[in-house]
Amino acid sequence: MVRYLIRRTALLLASLALAGVALFVLLRLLPGDPVNALLSVGATDAQIAAARRELGTDAPLATQFLAWLGDVATFDLGSSLISRLPVGPEIAARLPVTVPLTLAGFVLAVLIAVPVGFLAAYRADRWDGPLLNGVAQLGLAVPAFWVGLLLVSVFALNLRVLPAGGFPPAGWSDPAASVEALTLPVITIALVMSASLIRYVRAATLDVLGSDFLRTARALGSSLPAAMWRHGLRNAAAPVIAVLAIELATTFLGAVVIESVFALPGLGSMLIRAISQRDYPVIQGVMLVSTFAVLAVGFLGDLAQRVADPRLLRGHR
Amino acid sequence: MKRAWIAVAAASALLLTACGDGGESTPTDGASAIINVGSVYEPQNLDNTAGGGQGVTEALNGNVYEGLFRLTDAGTVEPLLATAHTVSEDGLTYTFTLAQGVTFHSGKALTSADVKASIERVTAETSKSARRSNLSVISAIATPDDRTVTVTLSKPSISFVYHLSYVWIVNTAAGDLSTTADGTGPYKLGEWKRGATLSLTRNDAYWGASKAKNAGAVYHYYTDATALNNALLTNAIDVVTSEQSPDALAQFESNPLYTINEGTSTTKLLLAFNDRVAPFDKPQVRKAVSAAIDNAKLLTSIWGEYGTLIGSMVPPGDPWYEDLTSVNAYDVEAAKKLLAEGGVGGGFTFTLDTPNYDPHPTAATFIKSELAKIGVTVEINTITSDEWYTKVYQQRDFQATMQEHVNDRDVVWYGNPDFYWGYSNATVTDLVAQAEAAKTEADQAALLKQANKIIAEEAASDWLYLYPQIVVASSSLSGYPLNGRNSQFFVYDIVKS
Amino acid sequence: MRRLHLIAGLLLVTVIGGAVLMSYLWLPFAPDDTSGGRLTPPGGDHWLGTDKLGRDLFSQLLVGGRIALGTALGAVTVGGLLGVLFGLLAGFASRWLDDAVAVALDILIAFPTLLLAMLIVAGFGASLGAAVLAIGLAMAAIVARLTRILVKQVLSKDFVTAARISGISWPRIVLTHVLPNIWPVVLVNLALQAGLAVLAEASLSYLGLGTPPPNASWGRMLFEAQATVLTAPVAAIAPGVALVALVIGINLTADGLRDLADPTRRRSR
């Protein structure tokens, strides 16, 4: 276990370093100039050249890279070329939107998917199992922004019970308003994500229901719920956890779209804007943080999987 | 099961709502009201000489920062921090007297040294102000005493006072102003939450005769027009500074709770030819293309019944406006003839560099289908705003492009042969220079009218239409600006009842 | 029951695919014909009405279907080829190289499709190609991961060991033993990914990163219709329904294929 942990941590750090370097190179290879975002029609060639000098984007790439490396080594992500604000605190200011949004959406999705998926498998022979499965299929085919727009038009524009978008200026020091602001986005993410989770839970449950040990347990006199609880859950959990980790990671994709639909000041909207402005320090900062988060979640997912099913630990290469 | 979770979701939603209702503690009307302003233009930073963009003008100009003069919503220039000014006989020396008892938000008193430093911020080499070149006529600034500033020009400039209206007088001792602010205006900068809101709070120590009529304003920023309108529909904001599409207006038109105002706009949508390159170096070809596009239909397609047709770069609000819509008016047969005169009677193909945000792609699609009727093939090349600046604006590597030009009084660009569209006509250049050197505004207007007529007749560009400037506000609001001139949005007179 | 999935799925895909193919031969109106009048309601010549510019919505829908299907096919081709190639490479590689590929895949998966797309679009401009490339690359990472695991499973089998001992070359082992054993699972996975690709393209277009106008993709149509949803609801509903139908069709087909390819799944309780 310890060896495994060390190995995984080393891989995680190596991935992160590699991602950082790849990103730096990729971004600089792309055409584009942050100066363009700062100037407007009317700027003269001399002004443009002066602005480049000021931002330091006319320096040789190697120099820029070393400077950035030095900064990152001291946990300094640099300052935005556009707003001049330090990137680290800017990201920190966005996390209170993105993290609760992603986590709550994820948790709600699991809360929906586990019982529904189980039921869809358990009642596969009746009318309601396939119906639940069908609903999940439908959910899988609907784009996230559509769900968001629908919820806005029902709950915000017609029923007027929740805000249509935005995040309170006071942030979490106004907890009620913050929770209200995140309710529809969270439900949107949860609905979309649960659709794919339901399929996995259902498949895993079907596997367990058909397995020999469950039959044995039942033959030995356990009731089905008891047998499921004792044997089935653990067996079904491992593959589901593996999928969950990947799903949580990809929620970030959904979150960017959802932030756009609901006008939320999260990491996603920050990134979209930074990319269009070629604000390199901000892009690098956000990507580094999000890559780290995704890799770390994958890592934790692996770990959880192993805890849930210790056989995997023994079987590890 | 499914029913169960729907019930849970509904219950939690209700619970949340119940919690939320107690939270509204902000005063709602009169001098204690906070005005919530919705906009799609978030500042990039807070300094208008460091690339703050349209958004920083909208939020801070006139509200947090003031100039020596103010460009009013009606378009006139009136004294603000400079209570009086004299101009020497030769038009080269301006002497400004500063208002008395003016202090910055930090408490420091305004002196002539601040004014000198503020002007120099705009003219400095590192200044990113788009208007920097307009002030290049300044040759010296002197401060004989604390309340007097003398500016010497290298040649007469009748627009000089107008140009001073967007020079913010800042406390230059305040340091980097890209993240903070220290001005003399009726509001202090509150908090700027990037990606969400920027708040202003009333400056109770304001030097002027009348303080702001509300307790403050919060600008809410949206990237998406639908989200912006939804915010207005759900009372999250009180006013939208400029609507981006007419379709959303349907939901406000029939509702007495909202007021739709159409003001005067200065934003023009241009089909800008690269006048240096063939075949657009021939006026006949440019005229042919202009005549082949039904601008009226385009305007209706994009803006419904809003917006105005223009025949040149000058919008109706300007003193040198003249109705030139009949020049190169829509006429497909005439267009075909002109095309033949230009030597490309068999038609030709060109690439249209189209910014990827609305309305450009829609308009480009329309132009493509219109020009097909005269045998001209349009290849639409969608580019980002970043690419536009590099490829079109700096490198001039384009055949034709589309762009919205937002500024007031920007017809003078046609007098600059080095400008991106490369329109070069010695007469026009001369007229624009003469207009700037004119002794009276009547002379200036007469000269610019002539220049304007020439560019329209030569179809230097095709001016597709003038955007409408639509402010939608809650009907309980009054005193808001309607015209969005130079993207300003003064909030100090807004009253919520 | 299971066969029903396959039939229903294929039916949906065939109907949509057929309509799209037909669009190359016949359209009610040319895609750039702006003669219809602004936001004409459905009925008469314009079955679904017209958009702002007066273009026929039904024709737009058919042309948009080309993009949806093109994305699915393109992304699956890019993702399938690259994914299987890298998966094989990693599967056969030494432990060191295998680790390296695993790290690369992790990174690629950690770069959400959208970000990848945004970077590619930033570099090459918004185009169908850029969107397909981004979606395909993201897909490649997932397919490679799957292929790698499958290859490792096959390689541990006795018949591979036997083949190696008898001196058969690696390329032949790949062709005769590995590929035949992994393709059903990979194919089913690709089919599922195709559905996701269609959705991803719609999301990208919604954010303005997909196919540029005048070729309206379904995502772009949805985005544009969102402003006019009160005045022209059909414009918002039609592309949405088409999108959902296509994705459901692809998913059902994938499910059905999986059951055919993997009979053990068809167990009864």
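In which loop of chain B is B:Arg396 found? The legend to View 1 gives the reply, and the other views move on through a model that is predicted throughout.

View 1. B:Arg396 is found in the loop between α11 (385-394) and β16 (400-405) of chain B. B:Arg396 has 15 C-beta neighbours inside 10 Å, so it counts as partly exposed.

**View 2. B:Ser487 likewise has a positive phi without being glycine.** Here the value is near 70 degrees. Look for B:Ser487 in the loop between β19 (477-478) and β20 (495-496) of chain B. Is B:Ser487 buried or exposed? B:Ser487 is buried, because 23 other C-beta atoms lie within 10 Å and the cut-off for burial is 20 or more.

View 3. B:Pro359 belongs to the loop between β14 (349-355) and α10 of chain B.

**View 4. An open sheet of 7 strands in chain B shows mixed pairing.** Follow the strands across in the order β8-β9-β10-β1-β11-β18-β12. At the edges are β8 (187-193) and β12 (258-263) of chain B, each pairing on one side only. Helix α5 (residues 225-233) of chain B packs on this sheet and touches β1 (34-39), β10 (216-221), β11 (239-240) and β18 of chain B. The direction of α5 makes about 155 degrees with that of β1(B).

**View 5. A closer look at the sheet takes in β12(B) and its antiparallel neighbour, strand β18 of chain B.** The pair is joined by 6 bridges, and β18 covers residues 469-474. As a landmark, find B:Thr259, which stands opposite B:Ala473 in β18(B).

**View 6. Chain A meets chain B through 53 residues of chain A and 48 residues of chain B.** Several helices of chain A each supply at least two residues to this side, including α3 (45-55), α5 (87-122) and α6 (128-141). Which helix gives the most? That is α8(A), with 6 residues. By residue type, the side of chain A that touches chain B has 32 nonpolar, 13 polar and 8 charged residues.

**View 7. Chain B also contacts chain C, with 21 residues from chain B and 17 residues from chain C.** Among the elements giving two or more residues to this side of chain B are α8 (295-303), α10 (360-371) and β15 (377-383). The largest share, 6 residues, comes from α10(B). The side of chain B that touches chain C is made up of 8 nonpolar, 10 polar and 3 charged residues.

**View 8. Chain A divides into domain 1 (32-76) and domain 2 (87-316).** The centres of these domains, taken over C-alpha atoms, are separated by 39 Å. Each domain brings 5 residues to the contact between them. On the domain 1 side, those residues are 2 nonpolar, 1 polar and 2 charged. For the secondary structure of the chain as a whole, count 13 helices and 0 strands.

Note on methods
Residues are numbered from 1 along each chain as its sequence is written. Chains are lettered from A and ligands numbered from 1 in the order in which they are written. This is a predicted model: local features need pLDDT of at least 70, side-chain atom pairs count only at pLDDT 80 or more; totals for chains, interfaces and linings use all residues. Two strands pair if DSSP finds at least two bridges between them. Helices (H or I, at least four residues) and strands (E, at least two) are DSSP runs, numbered from the N terminus. Two residues are in contact if their C-beta atoms, placed from the backbone, lie within 7 Å. Axes are lines fitted to C-alpha atoms, for helices over the stretch in contact, and angles run from 0 to 180 degrees between N-to-C directions. Ala, Val, Leu, Ile, Met, Phe, Trp, Tyr, Cys and Pro count as nonpolar, Asp, Glu, Lys and Arg as charged, and the others, Gly among them, as polar. Domain bounds come from an automatic or database domain assignment. A residue is buried if 20 or more other C-beta atoms lie within 10 Å of its own, exposed if 12 or fewer, and partly exposed in between; C-beta atoms are placed from the backbone.
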